[in-house]
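Thank you all for coming.

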Amino acid sequence: MDFDLPEDAVAVQRLVRDFAAKEIEPYAADWSERAHFPAKVFRTLGELGLMGMLVDEAYGGANAGFVSYVAAMEALGAADQSVASAWNAHSTIASLPLATFGTEEQKQRWLVPLATGQNIGAFGLTEPTAGSDAASIRTRARRDGDGWVLNGTKMFISNAGTEMSLGVTVLAVTGDGDKRRFGTFFIPDGTPGYEKGQPLRKLGWHAMDTRELVFTDVRLPGDHLIGEEGNGLRQFLEVLDAGRISVAALGLSLAQASLDLALRHATDRQQFGRPLSGFQAVAHKLADMATEIEAARALVYRAAWLGDQGRPFSQEAAMAKLYASEVANRAASASVQIHGGYGYMRESAISRFYADAKILEIGEGTSEVQRNVIAKRLLKRH
């Protein structure tokens with residue numbers, strides 16, 4: 001067994017780490033305070049070939065695979081979670097439905113500008129009354145001649161209201177009966193009837209754009225349906241595994257950043273005539289953090305490796321997302337404790353990571369949902 005990263009993954013990680021150190025980390029605190037979405041960063045990520053890492057090269061992507069993607073996320077998320085989370089949403093659930101189920105014409109029209117970084121993508125699933133229970137969404141699309149008319153509301157949608165936004169891919173009900181039918185539709189910016197609410201004020205991820213989206217008699221041509229009508233929910237669930245790996249990697253990056261900050265502070269900070277790291281209570285916290293992070297790293301990269309091998313990885317992705325997100329929260333909390341009063345000040349980097357951590361246990365399926373997914377697959381075997 002070889003636990004070393006492949007050379008291409010190491011090269012990508014180094015590229016992202018160098019870029020983030022110069023162009024993201026020095027400005028992240030200011031972006032967070034101003035709730036500023038740094039469009040220039042994402043355009044540069046596109047120029048570096050990083051906005052379509054999971055997209056085929058024929059459509060402007062890099063087709064780098066999950067392992068390289070996770071390696072890049074480790075570097076990006078350690079610099080700023082807002083940028084990394086927006087990149088996550090764009091790279092997975094916003095781009096992969098088009099990449100996996102779109103027609104050639106749809107890929108050329110919408111996927112290419114997303115994969116090259118000309119634009120950023122968004123996906124609309126969650127609603128005011130539906131989140132974990134995706135099948136209970138109320139947004140509807142009805143046939144209208146050769147096209148569709150869509151009505152409904154989506155909530156907590158990321159990347160839809162930026163200056164780079166191309167549009168939003170939306171899951172909608174297309175029919176009832178013995179079994180509900182769903183369709184996935186692409187709604188370009190500027191479509192009549194498509195309105196965006198004001199940016200939502202979040203506990204963390206302040207530099208990522210998040211809004212409510214409202215659709216009132218939105219008329220869409222037939223070629224805005226992605227994939228087969230009736231299979232929209234199945235299509236979404238198929239690409240969700242990639243999203244879970246991505247959020248797991250995001251959690252891994254936050255946990256590692258929390259440990260790095262704690263190590264630095266514990267070494268520099270003097271109390272009672274010696275550094276904090278000289279106290280066993282502090283040293284044990286650091287040891288526990290490091291051990292859990294290594295365990296999370298193994299889970300995340302194994303799920304990514306399985307995906308790259310074309311093998312089933314739904315259970316492993318759920319495990320990685322569950323564990324890494326909870327480790328991230330524990331690590332951030334322990335790091336704040338080690339920082340003491342300094343960690344509670346908003347000027348400190350760890351305070352920002354601490355605020356960003358909680359959503360990792362909620363987005364892309366809550367911890368409770370991940371446990372349901374894991375248990376269901378375990379029970380299927382017996």
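UniProt, in an unreviewed entry, lists residues 7–118 as "domain: Acyl-CoA dehydrogenase/oxidase N-terminal"; its positions follow the numbering used here, feature names are shortened, and annotations may be inferred rather than shown by experiment. Residues are numbered from 1 along each chain as its sequence is written. This is a predicted model, in which local features need pLDDT of at least 70, side-chain atom pairs count only at pLDDT 80 or more, and totals for chains, interfaces and linings use all residues.

The span 7–118 is 71% helix and 0% strand, with its end C-alpha atoms 28 Å apart (helices, H or I of at least four residues, and strands, E of at least two, are DSSP runs numbered from the N terminus).

Now to the pockets: on a 1 Å grid over the protein atoms alone, a pocket is an open set of points where a 1.4 Å probe fits, with protein on both sides within 12 Å along at least five of seven lines, and lining residues have an atom within 4 Å of a point. The largest pocket holds about 1,300 Å³ of space, volume being the space filled by probe spheres set on the points, which are joined across faces, edges and corners. Of its 45 lining residues, L125, I362, G363, E364 and G365 lie nearest the centre, while α8 contributes the largest share of the lining, 8 residues.

The second largest pocket, at about 590 Å³, is lined by 19 residues, with D2, F3, Y301, R302 and W305 nearest its centre. Here α9 gives the most to the lining, 7 residues.

Conventions: Side-chain values use heavy atoms; hydrogens and water are left out.
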